[in-house]
Amino acid sequence: MPEGKRNSSGGDIVRGFAHIGTGTIPNLLCRILGETTVESAFMPLFRGLHARGETARAWKLASRTLVNLTVALVVVVLVGIAAAPLLVRVVAHGFTGEVAESAIFMTRLMFPFGLFIGLAALMGAVLLSFRRYRVYSLAPVLLNIGIITSVLALSGRLSYVSLAVGVLVGGALQFLVQLPFVSRLAADDGARLLRPGAGLKDEDVRHVATLSGPVVVAAGIQRMGVIVDRTIASFLVPGSISSLYYSFRLVHLPYAILALAAGRAVAPALAEQHALGRHGEFKETLLSGLRMNLTFLTPVVLLSVWLARPIVGVVYQRGAFDANDLEMTASALAMYSAGLLGMGAVFLLVRAFAAKLDTKTPVKVAVLAFFLNVVLNLVLVRTPLRHAGLALASSISFSVHAIILYMVLNRRAAAVGAAIRPVEILTPALKILASGAALIVAVWAVDAWVIGGWIGIRFADNLLAERLLRMVLLSVVGGVTYLAVASLLGLAEMRLMLPRARR
């Protein structure tokens, strides 16, 4: 596991891993100022102005936000480059000698990436507000193309530095490819995106700044939760920190594909409906999002828990990743997976508050969830779950976080006659439970009779092949069974699956 290797002697491979890790420093800081802020602070206000027909005012806000964000990110980049030695000591205190020097160098080299990714996030927020999902979704592909091309073309001469070069090139491309599309949208409204002026005294600019403050604080609180988890895990058996990190990365994949995508798809509609005072439509959009999350994340949770060991084995078990590492990471994955429904609901509800131009309330609730998580950490880490107890604590706190956000939002919605009654969210619950039960039965039957029989004998000497086949076969059988039963039971969300899947 990486914890046991981070003090290894110099070498390109070890340094390369070190740099990938420290590259998260600029990425984290600038994503908070870029992606997180523009989606929650800028986009709802921009979309609301545009929906009310105030297009000139909306594009003036976009232009000034572009100028202000560029200045802010340049300052962050310059400060980050200067403070790289301190940041590396804080984030990777185990690095020494040549590895530490290389990590500092790469951190400095990677910081400009934050500028590009932050500006790309602003362009993406504008595209998202106009529901230009295709360009918005394909732009990040250029980041991967930049990385792959750079590594293939330059790795022989630049070694691991080629990775950083690829990240910078890819980040710049991700911003630049979106810029013409956004400029064209502005031109269609008779406005210009690129024009000078920060407009610091502008009412809308100051409103975005006011909304941004709580968003940054909330992101910081979330990061503090990760630090607390790692700190507690550092007192446990070796491998605990890595197990939590690896398992959370696996959980984040379905979360990004389903929950983040669904939340971002409905965010523009929520902002528009609130701006136009369409409270009933706002309720129906939010209710649809919550029910879609419940419908399509439930089978992911069940399959992730059932298949935790083969998933971890296929993705990670090679080299120094041994059987003990497999068990530790799989147990953490199962506990994190239990929180997927809460994570998805929190993301969607936070976007609903942002659509109402309220970013302070989610911060207050995030503080409560943070302290709950700390208390649960201290309790559950003393149980036989040990490090997996930290993952379970996160899952429970996410679920409570979602419930509190729902209760606060609903109390305010009741004042305008648009409250979401619990029964409206839970109406499909019985059908979802029945579909989930059918999934479990189908997976158990195939696992016991097919995997444990012919396939187990056929691939007795190839553990990786057996795990891969088991993971794919059970996922397909379980998924098809769930969707088939849900459709037979008349689950309404099935009719909406194809349009939402396209988005």
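**View A. Buried salt bridge between R351 and E39.** In this predicted model, R351 and E39 are both buried (under 20% relative accessible area, with exposed meaning over 50% and partly exposed in between; 1.4 Å probe, protein chains only). The two residues form a salt bridge with closest N and O atoms 2.9 Å apart (a side-chain nitrogen of Lys or Arg within 4 Å of a carboxyl oxygen of Asp or Glu). This pair connects helix α15 (residues 340-355), which holds R351, to helix α2, which holds E39, across 312 residues (helices are DSSP runs of H or I, at least four residues, numbered from the N terminus).

**View B. Salt bridge between R264 and E39.** The closest N and O atoms of R264 and E39 lie 3.0 Å apart. R264 belongs to helix α11 (residues 240-275) and E39 to helix α2 (residues 24-51), 225 residues apart. R264 is buried, at 16% relative accessible area, and E39 is buried at 5%.

**View C. Salt bridge between R64 and D202.** The closest N and O atoms of this pair are 2.8 Å apart. R64 lies in helix α3 (residues 55-82), whereas D202 lies in the loop between α9 (161-188) and α10 (203-233), 138 residues apart. R64 is partly exposed, with a relative accessible area of 22%.

**View D. Salt-bridge network.** R52, E54, R57 and D204 are linked by salt bridges. The whole structure contains 14 salt bridges.

**Notes.** Residues are numbered from 1 along each chain as its sequence is written. Local features of the predicted model need pLDDT of at least 70, side-chain atom pairs count only at pLDDT 80 or more, and totals for chains, interfaces and linings use all residues, while side-chain values use heavy atoms, leaving out hydrogens and water.

Notes
Helices (H or I, at least four residues) and strands (E, at least two) are DSSP runs, numbered from the N terminus.
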